Amino acid sequence: MKIRTLILGGGLSGLSSAYHLKRDYLLVERSSQPGGLAQSIHQDGFVFDYTGHFLHLRNPYTLQLIPKLLGDNLALHKRRSWIYSHRTNIPYPFQANTYALPKQVMKDCVAGFIEAQLQHRPAPVRSPESFKSWVLRTFGKGFAKHFFFPYNRKLWTVPADVLTAEWVAPFVPRPSVEEIILGGLAEQTQTFGYNATFYYPKRGGIQALPTALANDLKALRLNTEVTGIDLAKKEATLHTGEVIAYEHLITTLPLAYFLKIARPLPPEIEHARRLLRWTSLYNLNLGIDRPDLTDKQWIYFPETKYRFYRVGFPANFSSHTTPSGTSSMYIEVAYQPGHPPDGKTILRQLLAGLRDGGLLQRRDRIIARKVLHIPVAYVIFDKNCTRSAETILRYLDHENVYSIGRYGAWKYSYMEEAILDGKTTAERILGR
């Protein structure tokens with residue numbers, strides 16, 4: 001079989017590529033449904049996503065496209081996210097709302113911030129700057145101790161001096177000096193961050209979006225896995241043994257995974273591949289036989305006594321994700337690839353932590369449980385990350401391979417960007 005454009009992976013980037021190409025393509029996806037990590041699982045009347053997936057739309061094109069695809073199955077929400085620290089909930093972000101924390105903690109944070117500002121330490125000439133250095137000169141020792149260092153160690157699985165600060169914009173809000181000082185005195189009335197509002201489907205979970213994108217696709221093959229890529233011959237081998245010749249190849253597979261099935265690779269590309277690092281994610285989804293667990297949409301847990309770093313509550317962004325009279329939650333635990341937590345041990349630890357944090361009561365009955373593993377969850381931005389990824393992507397581009405999306409381009413991004421990556425790539429292939 002010969003096709004002009006072969007697309008690997010039916011996540012949002014791959015689906016968007018096919019949607020915008022319109023013809024002369026074949027999209028292959030190993031799962032039984034489209035969506036990649038934007039899939040939803042239906043179990044026991046509950047709808048479980050692969051952790052929180054929210055649409056943050058700013059681009060004029062996606063602001064038209066998503067409502068066109070989903071119609072009336074789309075709702076706009078104002079963010080209700082909080083941080084649980086020192087036995088109290090404070091509004092997100094931590095750095096703008098220390099008023100409810102113990103006085104000494106608030107003092108540590110605000111005084112440390114003022115001290116850091118007075119020092120006026122410039123960014124180091126050597127690039128990239130470590131996340132540790134960036135936090136200390138931007139927010140000071142108090143915020144580092146009580147939030148940034150412990151929380152991000154749980155999220156990224158590596159120390160702050162190993163992680164670089166290349167990812168922080170736009171994901172870490174930077175309130176002004178006045179806002180941080182006022183946040184130590186009273187709750188802020190304004191919102192901060194890129195995700196102050198978001199869209200989410202009313203029905204069907206986040207799966208509604210990839211399903212809508214896939215509805216008009218003429219050449220989507222599910223339950224189909226690519227086992228080998230011959231870059232020299234421009235041929236892909238499927239798990240069935242079928243060989244497909246292509247002119248253009250779009251891959252949305254995790255970059256490190258794609259390189260394992262692609263041949264031949266020059267030594268410098270093999271070397272760059274071995275330097276790529278990432279986290280994996282254990283995602284526990286629970287259905288609880290009690291309504292209204294909380295009015296919050298998700299809560300961050302920076303303290304090390306909790307194994308999880310975030311807990312979300314799907315019923316608070318769609319009432320159609322839970323049966324009547326029940327609630328659900330998703331609990332996120334990051335781990336190093338190849339070293340998943342022991343199932344029984346982690347379940348016991350998570351349930352104990354949820355009770356300690358006031359989210360579960362002893363009498364609560366768990367009526368649904370689903371564990372979802374995400375083998376590649378977050379790209380680890382260490383000193384080798386950007387240089388290695390750029391080296392690989394330049395090589396692949398030379399070979400007529402477009403590696404796109406959050407994992408294909410090896411970056412930290414959100415769903416709107418994935419859709420736009422697919423659109424841009426399709427336009428490039430079409431010569432627009």
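Me: Which are the buried residues of α12?

Reply: In α12, the buried residues are Cys385, Ser388, Ala389, Ile392, Tyr395 and Leu396. Buried here means under 20% relative accessible area, exposed over 50%, and partly exposed in between (1.4 Å probe, protein chains only). They fall within an arc of 130° when seen down the axis of α12, so they line one face of the helix. The arc is that of the directions from the helix axis to the C-beta atoms. Arg387, Arg394 and His398 are exposed on the other side of α12.

Me: What kind of model is being read, and how are residues numbered?

Reply: The model is predicted, with local features needing pLDDT of at least 70, side-chain atom pairs counting only at pLDDT 80 or more, and totals for chains, interfaces and linings using all residues. Residues are numbered from 1 along each chain as its sequence is written, and side-chain values use heavy atoms, with hydrogens and water left out.

Me: How many residues does helix α12 have, and what does it reach from its first C-alpha to its last?

Reply: Helices (H or I, at least four residues) and strands (E, at least two) are DSSP runs numbered from the N terminus. The expected span of a helix is 1.5 Å times one less than its number of residues. Helix α12 covers residues 385-398, 14 residues in total, and reaches 20 Å, close to the 20 Å expected. Just after α12, Asn400 has a positive phi of about 65°.

Me: What covers the buried residues of α12?

Reply: The cover includes α9 (255-261), α10 (267-274), β18 (366-379) and β19 (401-403). Contact means heavy atoms within 4.5 Å.

Me: How is the packing of α4 and α5 to be read, and at what angle do their axes cross?

Reply: Two packed helices are described by the angle between their axes and the distance between the axes. Axes are lines fitted to C-alpha atoms, for helices over the stretch in contact, with angles from 0 to 180 degrees between N-to-C directions. Here the axes of α4 (residues 131-138) and α5 (residues 141-156) come within 9 Å and cross at roughly 150°. Phe131, Lys132, Val135 and Leu136 of α4 meet Lys141, Ala144, Phe148, Phe149 and Asn152 of α5.

Me: Which residues does Gly408 contact beyond four places in sequence?

Reply: Gly408, which lies in helix α13 (residues 405-408), is in contact with Thr251, Thr252, Leu253, Leu255, Leu393 and Ser403, leaving aside its neighbours within four places in sequence. Gly408 counts as buried, at 0% relative accessibility.

Me: Where is a positive phi found in a residue other than glycine?

Reply: Most residues other than glycine have a negative phi, and most peptide bonds are trans. Thr51 has phi near 65° and lies in the loop between β4 (46-49) and α2 (60-70). Thr51 is buried, with a relative accessible area of 8%. His86, with a positive phi of about 55°, is in the loop between β6 (81-85) and β7 (88-91). At a relative accessible area of 29%, His86 is partly exposed.
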